[in-house]
Amino acid sequence: MDWLTKAVTFNTTPTMHSVGVCFGLSTAYVASLYLVTDPKQRNAKPVIYRRMYAVLSVTVVSPLVLRCMGMATSPYVTNNAGLSVFQHMGISNILDLKSTLYPVLLNMILFAGPLLQHALDQTMPDVSFDIYGARNLVIAPITEEIVFRACMIPLLRPCISEGLGLSWIPPLFFGVAHIHHILEGHALNAVMLQFCYTTVFGAFTSYVFWRTNNIAGPILCHAFSNMMGFPNFDQAISHPRRYILGGTYVAGLVSFFILLRTLTPTYT
């Protein structure tokens, strides 16, 4: 554990090495799903358990890979060069409620339309307290955010300009990682829609992580988004109160961009 708490820097890591390691982590995460299971039985309970153990194993190994890529430095060095692996990963800040909960509030504002739709229809989002809920709302958000955000962004930060570059390039690994669903029998158009959706969502959580240096916010946003699912625009358009719903969808989207920086407080 002491090995992960010593100060390290990634400023001397070559760009191609960083990109290669990110590709390797992404490949390892996806490959672990298929080394232990049949891709067309993803919802069978034994398959879910084996997959959960597999991705948890990759998640445990990923910080060790990150540490191997870092150069030891003096603990008195300032800025990102003097952070431990856990600090680089945003684990040390998870008890900061402001940087943890504000991004979740921002995510709820973005989903104002779907939330109102559920309220009008007196329905509930997809919440289940079984193995399926554990997969979608606990294991997937924790493991994916740690591997694809907490372990990749520290590697890419020194070689990619912060802002749009750091928000959009890492999510490409995340989006491509979801193309594997085509092996499970999903239609190509559905897989491409998921690729676009997960890449855009990944850009949001990457931005949150880059701004707050707190991995708890992205994990909770991921769990909330999995619970809500992709907005049902067809149902909203044909809804008896579609004008109210439409206005709420637009207001939520506009408010999201207006409050994006305010509700993603930078870490100090």
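Helices (H or I, at least four residues) and strands (E, at least two) are taken as DSSP runs and numbered from the N terminus. Residues are numbered from 1 along each chain as its sequence is written. The model is predicted, so local features need pLDDT of at least 70 and side-chain atom pairs count only at pLDDT 80 or more, while totals for chains, interfaces and linings use all residues; side-chain values use heavy atoms, with hydrogens and water left out.

## Overall content

The protein chain holds 13 helices and three strands. Of its 268 residues, 48% count as buried. Buried stands for under 20% relative accessible area, exposed for over 50%, and partly exposed for values in between (1.4 Å probe, protein chains only). Contact means heavy atoms within 4.5 Å. Among the contacts in the protein chain with a separation of 6 or more, 81% are accounted for by residues 24 or more positions apart.

Arg211 counts as buried because its relative accessibility is 10%. The side chain of Arg211 reaches the backbone oxygen of Thr264 at 3.0 Å. A polar contact is a pair of N or O atoms within 3.5 Å; within protein, one must be able to donate a hydrogen and the other to accept it, and residues adjacent in sequence count only if both atoms are side-chain atoms.

Thr212 is buried, since its relative accessible area is 1%. A polar atom of the Thr212 side chain lies 2.7 Å from the backbone oxygen of Val208. Beyond Thr212 comes Asn213, in the loop between H10 and helix H11 (216-228). Asn213 has a phi near 50°, a positive value in a residue other than glycine. At 3% relative accessibility, Asn213 counts as buried.

A positive phi is also found at Gln122, where phi is near 55° and the residue is again other than glycine. Gln122 sits in the loop between H6 and H7. With 74% relative accessibility, Gln122 counts as exposed.

A search of the whole structure finds one salt bridge, defined as a side-chain nitrogen of Lys or Arg within 4 Å of a carboxyl oxygen of Asp or Glu. Its partners are Arg149 and Glu145, whose closest N and O atoms are 2.8 Å apart. Both residues lie in helix H7, four residues apart, about one turn of the helix. Arg149 is buried, because its relative accessible area is 0%. Glu145 likewise counts as buried, at 0% relative accessibility. Leaving aside neighbours within four places in sequence, Arg149 is in contact with Glu144, Pro154, Pro171, Phe174, Gly202, Thr205, Ser206, Phe209 and Ile215.

## Two helix pairs

Axes are lines fitted to C-alpha atoms, for helices over the stretch in contact, and angles run from 0 to 180 degrees between N-to-C directions. Angles under 35 degrees count as roughly parallel, over 145 as roughly antiparallel, 65 to 115 as roughly perpendicular and the rest as oblique.

| Helix pair | Axis separation | Angle |
|---|---|---|
| H2 (residues 15-35) and H7 (residues 131-150) | 10 Å apart | about 155° |
| H6 (residues 112-121) and H13 (residues 242-259) | within 7 Å | roughly 150° |

The angle makes H2 roughly antiparallel to H7. On the H2 side the contact is made by Leu25, Ser26 and Tyr29, and on the H7 side by Ala140, Thr143, Glu144, Val147 and Phe148. These residues divide into five nonpolar, two polar and one charged. Here Ala, Val, Leu, Ile, Met, Phe, Trp, Tyr, Cys and Pro count as nonpolar, Asp, Glu, Lys and Arg as charged, and the others, Gly among them, as polar.

H6 and H13 are therefore roughly antiparallel to each other. From H6, the contact is made by Ala112, Gly113, Pro114, Leu116, Gln117 and Leu120; from H13, by Ile244, Leu245, Thr248, Tyr249 and Gly252. The division for the contact of H6 with H13 is seven nonpolar, four polar and no charged.
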